[in-house]
Protein chains: 2
Amino acid sequence: MKFDLDKSYQILERTPSVLRILLSDLHDDWVQGNEGPETFSPYDVIGHLIQGEKTDWRDRATMILEYGTARSFVPFDRFAQVEESKGKSLKQLLDEFEVLRKDSLNWLRLLNLTETDLFKMGMHPDLGEVTLKQLLSTWVAHDLTHIAQVTRVMAKQYKEEIGPWIGYFRILTF
Amino acid sequence: MKFDLDKSYQILERTPSVLRILLSDLHDDWVQGNEGPETFSPYDVIGHLIQGEKTDWRDRATMILEYGTARSFVPFDRFAQVEESKGKSLKQLLDEFEVLRKDSLNWLRLLNLTETDLFKMGMHPDLGEVTLKQLLSTWVAHDLTHIAQVTRVMAKQYKEEIGPWIGYFRILTF
């Protein structure tokens, strides 16, 4: 599948609602469980997605369009949400993510990106040269893989309880 | 996390809405893409979940409660949906799944399962003795891992487009 801006919007604009339906009013055991030390719970993931809206996607797209490869992106802090989410309820985080995502997409639409823009390059601090198209594709894939992560982490909470069926769940043994 | 009937209902009853929000009105490229031969697209997964409601979870719970280990479960056909979904739109499948799931949960609630019931045993054709509690836990984990699968499969459609970022997405290389 080739990158397409409209098909990308289709995913980016529904992620907040998907996470809201998936996580609202769940018992804390589902929301706070993780996969072990240094791994994300569903609660952590929402905080991480908020950080992405605040400091990653939009800033990097701007860097590409304004500075090209002349300036490297600011490295993204994958654990910034530990501090930033402190004291906030899941509902607050879901609300915050929804508002930020709406803003990001309004901003993105106003750029009226052309095919030429999509091939503009930026400089990733570790990966080197990347195009705007790759950045936007990654934004979409990042949403989807974090929903995959959230549901895998939730499923893992029943890992012991499913007994011999574990043999059929390759995904739970990662 | 220990098995709990109420916490299990929380997941089982929201799965149809989660899949509806995630997949409705998406371009076919998102819905029909899979991970290669003999793998499921998001469209296939909904058909598979429908088959589960029709021939798996409820039938097996009934077998446990009525026959214990005296009769083996009927093996589940993981590819039955290829025929059963033929000619149906994604919307039709999502509607069908929602209705069937609602019925299944109404039925399950009416059983008024006791703690003793949860430890009753049945006979799986391959796995041997399993408890009702393990079956119900598996039902929950099965929902969640299929949502994880759907979103992973969708993310994979952009695997080529994300360029060097692929190095950060372990999940896309499975």
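A salt bridge here is a side-chain nitrogen of Lys or Arg within 4 Å of a carboxyl oxygen of Asp or Glu. I wrote that down before opening the file, which holds a predicted model.

**Entry: a salt bridge between chains**

I looked up A:Lys2 and B:Glu161 first. Their side chains meet in a salt bridge, with 3.6 Å from N to O. How many salt bridges does the rule find across the interface of chain A and chain B? I noted six. I then went through the polar contacts across this interface, and the rule gives 24 residue pairs, with both residues at pLDDT 80 or more.

Next I checked which parts of chain A touch chain B. I found that α1 (5-12), α2 (15-23), α3 (28-32), β2 (128-131) and α8 (132-156) of chain A each supply at least two residues. The largest share comes from α8(A), with 16 residues. I sorted the residues on this side of chain A by type and got 29 nonpolar, 14 polar and 13 charged.

**Entry: the extent of the interface**

I looked up the contacts: 56 residues of chain A are in contact with 56 residues of chain B. The two chains bury about 5200 Å² between them, and 68% of that is on carbon and sulfur atoms. I also noted that A:Met1, A:Glu161 and A:Trp165 supply 16% of the area chain A buries against chain B, more than any other three residues.

**Entry: helix α1 of chain A**

Is α1(A) largely enclosed or largely open? Six of its eight residues are buried, so the rest of the structure largely encloses this helix. I listed the buried ones as A:Lys7, A:Ser8, A:Tyr9, A:Gln10, A:Ile11 and A:Leu12. What do they pack against?

**Entry: a hairpin in chain B**

I turned to the strands of chain B. Strand β1 (residues 121-124) and strand β2 (residues 128-131) pair in the antiparallel sense over four bridges. A hairpin of three residues joins β1(B) to β2(B). I picked out B:Gly122, and its bridge partner in β2(B) is B:Val130.

**Entry: a serine in a loop**

Last, I looked up B:Ser85, in the loop between α5 (81-84) and α6 (90-110) of chain B. Is B:Ser85 buried or exposed? Its relative accessible area is 5%, so I put B:Ser85 down as buried. Leaving out residues up to four places away in sequence, B:Ser85 touches B:Tyr43, B:Gly47 and B:Leu93.

Notes
Residues numbered from 1 in each chain as written. Chains lettered and ligands numbered in written order. Predicted model: local features only at pLDDT ≥ 70, side-chain atom pairs only at ≥ 80, totals over all residues. Heavy atoms only, no water. Contact = heavy atoms within 4.5 Å. Buried area = accessible area lost by both parts, 1.4 Å probe. Polar contact = N/O pair within 3.5 Å; in protein donor to acceptor, adjacent residues only side chain to side chain. Nonpolar A, V, L, I, M, F, W, Y, C, P; charged D, E, K, R; others polar. Pairing = 2+ DSSP bridges. Buried < 20%, exposed > 50% of the residue type's maximum accessible area, 1.4 Å probe, protein only.
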